[in-house]
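Hi,

Here is the structure I said I would pass on.

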Amino acid sequence: MTRSFPSRSALRDFLESESAGGMLLIFAAILAMIVANSALGTLYHDAIHAVTGPVLTDKLGPMTVHLWINDGLMAIFFLLVGLEIKREFVDGRLASWDRRRLPFIAAAAGMVVPAALYLAFAGGTPGLAQGWAIPAATDIAFAMGVLALLGKRAPTSLKLFLVTVAIVDDMGAVAIIALFYTAKINLLALGAAAIILGIMFAMGRMGVKSLPLYLLMFLFLWYAMLLSGVHATIAGVLAAMAIPFDRTPGAPDSATSPLHRLEHGLHPWVAFAIVPLFGFANAGVDVGGLTVEQIFAPLPLGIAAGLFIGKQVGIFGSVWLSVKLGIAGKLRGATWLQIYGVAMLCGIGFTMSLFIGGLAFADDALLIEEAKIGILMGSLAAALVGFAVLRFAPLHPQHDAIESESDAEIAADGDVRDTSESGGIAAS
């Protein structure tokens, strides 16, 4: 007999912690910009790039604070992403093709259109084409933080749609990192990583549920991936796929499930420490000497256009077409203007965009700084316009009744039964 967590449902805790963590991320990004453009700017940059560890690979050289955050702590972020992806696919809002249809269509369009816009603006400039994936990502924490500022005006169906699209979006980003931003492969190290991962899957088959043992294997896997040339953070997603868990359809999470226990344990650390720390370490751009020509250079302009224009066009356009063609149902309790507003919020690419930008232009610090400018411009514009649209958009005529019904469903079994008017993206 399985026990359930004594706290409220994982979904409610997830939404609220993502919202609070997103607000902290916003604060961390603003603080980084202030510090980087103050008298403390030199100290900020020196501290981030201070040597603090040994040489783990010849490629990276001596470990610095920045490397520990981007290659180390972010692997834990990707571990949580992997856990959420696995749970959603096996026992959540992506557990069937009917539920996957609209989020997959929206996420795919929300990656392709921004990438195409980026290439239209910057692809013709030598050395910039490899940045095409930078505006393809959505920062779930930042976007949820903006939604949290709206309070009860943001329908539950919009929050769940944003979360689900962002999770699918994360899957695409992980695949892009593995396929397009991988350095020269060390086959011996990659083979070692495959063996370690195989052992982890075998442990699950044998019924091993010891989280410390899985985390120890994750550490070994991370180091093998670091040596292999594939970005080390991919180890987090791979390890998550091997963590066993107990399915609990129509019921709260099981307290004996390793995946659920690890997800509950990691989420506060990732939301309130790792992601804000990453934002603080990566968002500090010195804008004091920026000129108009630099701001509107092909790289920042392409990224900003991809995030601000590409995301809203891709996501809102695909949702509208899907509903009109009968592929999916309209989001329950949300107006078209509100759906447009949340599509705009998907243009906040902050965390994952900064991460991909660092990979795309790893050997050119100037291009990384230009990429940060584009990411900040596009994300800020998407956040402000998306917030304004959702703040002033009229509510659905049955808003209060539908929200009360959704709250009751979450209290009953940890999730809502259906987030669409016709069951197109129902949740378990």
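**Helix α8 and what surrounds it**

Helix α8 has 18 residues and spans 25 Å from its first C-alpha to its last, close to the 26 Å expected at 1.5 Å a residue (the expected span being 1.5 Å times one less than the number of residues). Before going further, the ground rules: this is a predicted model, where local features need pLDDT of at least 70 and side-chain atom pairs count only at pLDDT 80 or more, while totals for chains, interfaces and linings use all residues. Residues are numbered from 1 along each chain as its sequence is written, and side-chain values use heavy atoms, with hydrogens and water left out. Helices (H or I, at least four residues) and strands (E, at least two) are DSSP runs, numbered from the N terminus.

The buried residues of α8 include Leu211, Tyr214, Phe218, Leu221, Trp222 and Ser228; buried means under 20% relative accessible area, exposed over 50%, and partly exposed in between, with a 1.4 Å probe and protein chains only. As a reminder, an α-helix has 3.6 residues a turn, so residues three or four places apart point the same way. The buried residues of α8 pack against α3, α7, α9 (234–242) and α10.

Ser228 sits in α8 and counts as buried because its relative accessibility is 0%. A polar atom of the Ser228 side chain lies 2.8 Å from the backbone oxygen of Met225, and one lies 3.1 Å from the backbone nitrogen of Val230. Both are polar contacts, i.e. pairs of N or O atoms within 3.5 Å; within protein, one must be able to donate a hydrogen and the other to accept it, and residues adjacent in sequence count only if both atoms are side-chain atoms. Leaving aside neighbours within four places in sequence, Ser228 is in contact (heavy atoms within 4.5 Å) with Lys184, Ile185, Asn186, Ala189 and Leu190. Gly229 follows α8 and has a positive phi, near 105 degrees.

Lys209 is partly exposed because its relative accessible area is 37%. The side chains of Lys209 and Asp246 are joined by a polar contact of 3.4 Å. Lys209 also touches Tyr214, Thr256, Pro258 and Arg261, among others. Ser257 is 48 residues from Lys209 in sequence, yet their C-alpha atoms are 7.8 Å apart.

Next, α9: seven of its nine residues are buried, so α9 is largely enclosed by the rest of the structure. Its buried residues pack against α3, α6, α7 and α8. Helix α6 (residues 156–180) is mostly covered too, with 20 of its 25 residues buried, and it reaches 35 Å from first C-alpha to last, close to the 36 Å expected.

**The largest pocket**

The largest pocket holds about 1,100 Å³ of space. On a 1 Å grid over the protein atoms alone, a pocket is an open set of points where a 1.4 Å probe fits, with protein on both sides within 12 Å along at least five of seven lines, and lining residues have an atom within 4 Å of a point. Grid points are joined across faces, edges and corners, and the volume is the space filled by probe spheres set on the points.

The lining has 39 residues, with Leu60, His66, Leu67, Gly358 and Ala362 nearest the centre. Elements giving two or more residues to it include α3 (65–91), α8 (211–228), α10 (258–282) and α15 (365–392). The largest share, six residues, comes from α15. By type the lining divides into 20 nonpolar, 13 polar and six charged, where Ala, Val, Leu, Ile, Met, Phe, Trp, Tyr, Cys and Pro count as nonpolar, Asp, Glu, Lys and Arg as charged, and the others, Gly among them, as polar.

**Two more residues, and the chain**

Ser379 is in α15 and counts as buried because its relative accessibility is 4%. The Ser379 side chain reaches the backbone nitrogen of Gly349 at 3.1 Å. Pro114 is in helix α4 (residues 97–122) and is buried, at 0%.

Overall, the chain has 16 helices and two strands, and buried residues make up 57% of its 428 residues.

Cheers
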